[in-house]
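Subject: Structure for you to look at

Hello,

Here is the structure I said I would pass on. Please open it first and keep it beside you while you read the notes below.

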Amino acid sequence: MTNTPQFLGRSVFDLDDYSAAEIMYILEAAKGMKEINLREYKKIPTLRGKTICTLFIENSTRTRMSFELAASRLSADVVSFQANISALSKGESLQDTVYTLDAMGIDLYCIRHSSPGSPQLVHKYSGKPVINGGDGRHAHPTQALLDIFSIWEKLGDIRGLKITIVGDILNSRVVRSNLIGMRKLGAEVTVCGPRTLMPSYMEEVYGCKVQYDLQTALQDADVVMGLRMQLERQTEGLFPSLEEYTKHYVLSKHTIRYAKKDALIMHPGPMNRGIEILPEIADSQQSIIVEQVANGVAVRMALMFLILGGKV
Amino acid sequence: MKTLIKNGKTFFDDNFVRKDILIEDERIIRIAGQITDPADQVIDATSKIVTPGFVDIHTHLRDPGQTYKEDIITGTLSAAKGGFTSICAMPNTEPVVDNIATVEYIQRRAKDLGYCKVYVIGALSKDLEGKEIAEMATMQQGGIVAVTDDGKCIQNAKLMLNCMRYAVNFNLPVISHAEDYNLAGKGQIHSGKVATQLGLSGIPALAEEVIIARDIMLAESAKAHLHIAHISTAKSLELVRRAKENGLKVTCEVTPHHLLLTEEACLTFDTNTKMKPPLRSEADRLACVQALADGLIDCIATDHAPHADYEKEREFDLAPFGIIGFESAFAVLYQDLVKPGHLTLERLIETLTSAPAKLLNLKAGILAENSPADLCIIDLGDTVLIDSDSILSKSKNTPWLGQTLAGKVTHTICGGKITWQAEPAAETNEPT
């Protein structure tokens, strides 16, 4: 490689700050990390003496575990700060929380927060690199990287692949980051869901296709990704019932046949079996849903390694 | 006490002409090409423009109740620095201005301590709750100049109709902050491309437009003067255009930020780009500029809305709506609308002075013999820095923070007294 991308000290707010070449560099690094995770002794000393803080202002056991496991496997010290937003808004501000944490000598923050843009605030207050672990409906770059890694590992070059993402597009940060990353790498992405769950200007903002009919959306897809449908959207008046949603948008043996024969089946989890996806598909040979989780640790290790300048 | 303003390009009869102005106590006593009368104080306005003091019919002084954000002293001082000599205070204070005692409190404080004339706008509904009509008639005896629930919007059409019918009785204009709560929901910024990109909930243009459409119909029925606050969308303007064409007494104002900024400004997650109505699309912005130029929009108002640093310095969706406006208003509009040729300087001055004064029947906004000595002197060749050290408002929440803008108000004179002066005092000897 003639021009090695520089990651030292950089934050990962979203994938729009990263070029296609940089994204590929991260994926290559993740490949190496995945190999470590398959060893009997899953630990390397590369980040010894560094302290990583998981700052989770929104509940997420799975993502937090993935970050913490990634940090531990690189031998970094991990501290965890958890709060819910109601406690935070009554008491200490995010600013003061970060000042407090920073006084303890944090080298890297991994943040999950319900407010879009909060990772940028953590960076502003701490001056330290920040990995966005999901900020509201805005972005979830590590999820997108692990999704892209999973596809790349199975199908090779992303360019020209037809990827269809189905579900609650409006409320999904996973879709937004995936669209940025996948489009940068040259995939053709189609998003599909009911009109009431589709943000406006999707084509203009992301250069994707928008379909409201599942059958059309799945046509010739190489990859099909389902998204979690949350029950509370029903009470918000966005769709009439889960039953009706399922009838039109569930990924099942019946609907998936419009995609390519061996199309990869993906889901960022947690799944609502029987609502957006049926077990017959989720647990099928084509499904890489469980592998996505494993790849999540590898991708997060790669980012931490690159940002903190780990030594091989 | 006589003050003479010499050699300025004076905004007189809607034109800039070289005229001197002689002030005695609170009044302008002469405007003429050359005045050589003796005066206690002479201000040399050579190479500057002299305009009527600016009038802002939409401001939040936060006093009483939220004086950590602003109070009548800092609010009027900030207004004076921006060239304002008459401002209208919105009723969403604590307590709400829905009673004569609060009206009188604000007026008395402003008169005793203020740096600019403050007119009070009363609430439409008690406690701004949108449930019962406020005591408009009593408040009018105390001097209110209009009624509104600004910051809130009466959702109940029947109550709004009755408020209008009641206000008509007392010749009070009804100001509408148009926002349908269901459509606006938990929206943070304009429902457009940027909201999609940032994953922030959107406030659709429709949230404003459906209420404007409703209020125009209600005002027609009630025969009320309806004034639309901070209009922000192209379709809202179409609604007002049709209402005006139909001969209804419907007027509207626009803020500097809706004339100059769009949703794109929110991409940085700067909470000083968060206000209601939100910054809209470029097409909406251009429609507002056009409508201001062609007269469809009646006047400019800042919607000066101070919030403490620590309230704005937080997660975007948890920060309050609103920005301050006094000190940057003229400069941003001059720099970004007049200098590039989108608006004439004459129209800018008119919409900052006589136009808003006329809307609410304020004795302000013109330079004429025997009119109040409210005026400001501006050096168009000089610049003004908007930063947290120089801002006189208690709050610093402006999207123009840190910027140097063209067009500096060097003097503001209100009721014959200098309320703001950017430079060392003028000579007080008799002119030679």
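Two strands count as paired if DSSP finds at least two bridges between them. That is the sense in which Tyr109(A) has Val130(A) as its bridge partner in β4(A). Please keep in mind throughout that this is a predicted model.

The sheet in chain A

Strands of a sheet pair through backbone hydrogen bonds, either parallel or antiparallel. The open sheet in chain A has 4 strands, in the order β2-β1-β3-β4, with parallel pairing. Because β2 (77–82) and β4 (130–135) of chain A each have a single partner strand, they stand at the edges, and one side of each is left without a neighbour in the sheet. From one strand to the next, the twist averages 10°.

The sheet in chain B

Chain B holds an open sheet of 8 strands, ordered β6-β7-β8-β9-β10-β13-β14-β15, again with parallel pairing. Its edges are β6 (54–59) and β15 (299–300) of chain B; each has a single partner strand, so one side of each lacks a neighbour in the sheet. Within this sheet, strand β13 (residues 226–228) of chain B pairs with strand β14 (residues 250–254) of chain B in the parallel sense over 3 bridges. Ile228(B) has Cys252(B) as its bridge partner in β14(B). Helix α8 (residues 234–245) of chain B packs on the sheet and touches β13 and β14 of chain B, its direction making about 145° with that of β14(B).

Where the chains meet

In chain B, 16 residues are in contact with 25 residues of chain A. The area buried between the two chains is about 1,600 Å², and carbon and sulfur atoms give 53% of it. On the chain B side, Thr196(B), Glu313(B) and Glu315(B) lose the most area to chain A, together 36% of what that side buries. Glu313(B) also forms a salt bridge with Lys124(A), with the closest N and O atoms 3.0 Å apart. There are 2 salt bridges between chain B and chain A, and 9 residue pairs are in polar contact across the interface. The chain B residues that touch chain A divide into 5 nonpolar, 6 polar and 5 charged.

Salt bridges overall

Over all chains, the count comes to 31 salt bridges. One of them joins the side chains of Arg10(A) and Glu22(A), at 2.7 Å from N to O. Arg10(A) lies in the segment before α1 (20–37) of chain A and Glu22(A) in helix α1 of chain A, so the pair ties together parts that are 12 residues apart in sequence.

Regards

Definitions and conventions: Residues numbered from 1 in each chain as written. Chains lettered and ligands numbered in written order. Predicted model: local features only at pLDDT ≥ 70, side-chain atom pairs only at ≥ 80, totals over all residues. Heavy atoms only, no water. Contact = heavy atoms within 4.5 Å. Buried area = accessible area lost by both parts, 1.4 Å probe. Salt bridge = Lys/Arg side-chain N within 4 Å of Asp/Glu carboxyl O. Polar contact = N/O pair within 3.5 Å; in protein donor to acceptor, adjacent residues only side chain to side chain. Nonpolar A, V, L, I, M, F, W, Y, C, P; charged D, E, K, R; others polar. Helix = DSSP H or I, 4+ residues; strand = E, 2+ residues; numbered from the N terminus. Axes fitted to C-alpha atoms, helices over the stretch in contact; angles between N-to-C directions.
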